[in-house]
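Let's work through a few exercises together, one step at a time. Have the structure open beside you and try each task before reading its solution.

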Amino acid sequence: LTTQEKLLRNHIAYNESLLVDMLERATIKAGRKDRPVDSVCCIMDLSGFGLGKLRGPTVGYTKQVTRLDQDYYPETMGACIIINAPTVFSVAWKMLKGFLDPRTV
């Protein structure tokens, strides 16, 4: 098992790697020196998602990650595509949406 602190550190390390390495490599691979790749498309598969997953530590972690991403990595996510979302997702989305900056939604 890991701690929330370790998960947050890993999330930050991933974002830093994204900014420094991955976007630069994508720019080179796409041959876009004049228009650098500066955002990503995230695809989230919510198979197996249920309200039971939104308890205690998960909600706290989600709040922290959301805040980190919008405060320190704004505009990095160009789009987020959600697939296999169960019906209960609309309830969860209403709750999660409250953690986001209105410009993000």
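**Exercise 1. Describe the order of the elements in the protein.**

Step 1: Starting at the N terminus, the elements follow the order α-β-α-β-α.
Step 2: That gives three helices and two strands. Here helices (H or I, at least four residues) and strands (E, at least two) are DSSP runs, numbered from the N terminus.
Step 3: The C-alpha trace spans about 45 × 30 × 25 Å along its principal axes.

A word on the source: this is a predicted model, in which local features need pLDDT of at least 70 and side-chain atom pairs count only at pLDDT 80 or more, while totals for chains, interfaces and linings use all residues. Residues are numbered from 1 along each chain as its sequence is written, and side-chain values use heavy atoms, with hydrogens and water left out.

**Exercise 2. Find the salt bridge and place its two residues.**

Step 1: Side chains of opposite charge can pair when their charged atoms come close.
Step 2: The cut-off is a side-chain nitrogen of Lys or Arg within 4 Å of a carboxyl oxygen of Asp or Glu.
Step 3: Searching the whole structure gives one salt bridge, in which the side chains of Arg9 and Glu5 meet at 3.7 Å, N to O.
Step 4: Arg9 and Glu5 are separated by about one helical turn, because they are four residues apart in helix H1.
Step 5: Glu5 has a relative accessibility of 45%, so it counts as partly exposed (buried means under 20% relative accessible area, exposed over 50%, partly exposed in between, with a 1.4 Å probe and protein chains only).

**Exercise 3. Describe the largest pocket and its lining.**

Step 1: A pocket is an open set of points on a 1 Å grid over the protein atoms alone, where a 1.4 Å probe fits, with protein on both sides within 12 Å along at least five of seven lines; lining residues have an atom within 4 Å of a point.
Step 2: The largest pocket holds about 1,400 Å³ of space, a volume filled by probe spheres set on the points.
Step 3: Its lining has 37 residues, and Thr66, Asp69, Met77, Cys80 and Leu100 are the closest to the centre.
Step 4: Two or more lining residues come from each of helix H1 (4-30), strand S1 (40-45), helix H2 (56-72), S2 and helix H3 (89-97).
Step 5: H2 gives the largest share, eight residues.
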